[in-house]
Amino acid sequence: CVKAQIPNASSAELGWYGDVMFRAWRTSSGADLLTLESWVFGDLLDCAVLTADVKVAAKALQVLDAALHKHKLASSGIGKAVDETLHRLYEPVVFGSATAANASVRLNACRVMVSSFPLRVLDDADADAQILQQQLHAMAKLMADGCPQVRAEACRGCARMLEKFWELLPARVVGVLVGRIADDLSADAASPLVRSAALEGLKVLLGQPLAHAVLGRAIGSVGVALGDASRGVRRACVDLVVAARQIRGMPDIATDVQLLESLATDPDEHVRRKVGELLRTQLLRPDKLSDLLRRQPGAAVELLRGIGFDAARELLLDEVGEDVVVKVDGSVEAWLRKDAPQAQPLSC
C-alpha cells in the first residue's frame with residue numbers, strides 16, 4: 001500500500017508514486033476509474049488534509065502534486081480532465097477543512113488549496129467564477145487566522161498564487177490581497193514568523209512584471225522592518241530591498257539613511273553583507289566616502305571591510321587623504337590596525 005510507505009519515502013519516491021498513479025488514472029475508465037479516484041486519490045487527499053502529523057500530510061500532498069496538480073495545465077484534454085477530477089474530489093473537503101477547529105487541519109487545507117489552485121468548473125462560467133471567488137475568500141480568511149503558522153503559510157501561498165495567476169484574478173481582489181500582505185501581515189505584531197513570511201511573499205511577487213505597478217504603491221513602508229527585533233524579519237527585509245532595487249522604476253523600500261543605520265548597527269552578518277553589497281558601489285567614492293567617514297564611521301568600516309584591507313587602505317589614504325582619516329572616530333583607524341596583515345616570522 002502506497003499510503004503506508006509515505007511517511008518514510010524520499011521526495012523522489014513520492015514523485016514516482018504520483019507518476020504511476022497518473023498513468024493508471026489516465027488509462028482507466030468506468031468502475032476502475034471511480035475506484036481509483038475515490039479510494040486512492042480521495043484517501044490521499046484525506047491524508048494530506050486531515051492527518052495530524054504535518055510532515056506526513058506534506059508528503060501526501062507531494063504525491064498528489066505529481067499525480068494530478070502538475071498536469072492541470074497539460075494540453076490534449078488531460079488538463080481539463082484533471083480539473084474536473086480535482087473539482088469533484090476537492091470541493092467537498094478543502095473548503096470545510098479551511099475553517100476547521102484544528103489549526104493543523106487548517107494549515108494542511110491551505111497548502112492543498114495553494115497547490116491545486118485554481119479549482120475550475122470549465123463548462124459553467126458562473127460556477128467557475130463562483131468557485132474562484134470562494135478560493136480567494138478562503139485564502140483571505142486564512143491570512144487572518146488566529147494561528148501564526150497558518151497566517152504565515154497562507155501569506156506565502158497567496159503570494160505564489162498571485163505571482164503565477166495574476167492575469168486570471170480580478171484586479172480589485174488582487175489589490176486587496178497585496179494590501180493585506182504589505183500593510184497588515186508585514187507589520188503583524190504577534191508573530192515574527194508572519195512578518196518574515198509577508199516580506200518573502202512580496203519578494204516572490206516582484207517576479208511577476210504585471211504586479212510591479214501595484215507593488216510600487218503598496219510596499220513603500222515595509223523598510224521599517226530593517227529595524228525589527230527578529231533576525232529572520234531583518235534578513236527577509238534586506239533580501240526584498242535588494243530585489244526591488246534591481247527593478248527599474250520600483251520605488252525605494254528603504255532610504256539610504258535606514259540602510260546605513262542597519263549597516264552600522266545590525267548584529268547579523270548576513271544583513272550587513274547584503275546592505276554593504278548594495279551600497280558599496282554607490283558610496284565608496286572619494287566624494288561620498290569623506291562625508292560618510294565623518295557622519296557614520298561605523299557604516300564606513302563595514303563598507304571598507306567588504307573590499308579587503310589593502311584596497312581599503314589605498315582608498316582611505318591615497319584617495320580620501322590621511323588628514324580626513326585621523327580626524328574622524330577612532331573606529332576606522334582601529335579597524336585598519338586590527339585587520340592589517342601581520343608579518344610572518346621567517347622560517348629557517
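Cysteine 147 is buried, with a relative accessible area of 15%; buried means under 20% relative accessible area, exposed over 50%, and partly exposed in between, with a 1.4 Å probe and protein chains only. This is a predicted model, in which local features need pLDDT of at least 70, side-chain atom pairs count only at pLDDT 80 or more, and totals for chains, interfaces and linings use all residues. Residues are numbered from 1 along each chain as its sequence is written, and side-chain values use heavy atoms, with hydrogens and water left out.

Cysteine 155 is likewise buried, at a relative accessible area of 0%. The structure holds zero disulfides, a disulfide being a pair of cysteine sulfur atoms within 2.5 Å.

I turn now to the helices, which are DSSP runs (H or I, at least four residues) numbered from the N terminus. For helix H7, residues 125-142, the 18 residues should span 26 Å at 1.5 Å a residue, and the end C-alpha atoms are 26 Å apart, which agrees. The expected span is 1.5 Å times one less than the number of residues. Among the buried residues of H7 are Asp128, Gln135 and Met139. What covers the buried residues of H7? The cover includes H5, helix H6 (103-116), helix H8 (148-165) and helix H9 (171-184), where contact means heavy atoms within 4.5 Å.

How values were computed
Helix = DSSP H or I, 4+ residues; strand = E, 2+ residues; numbered from the N terminus.
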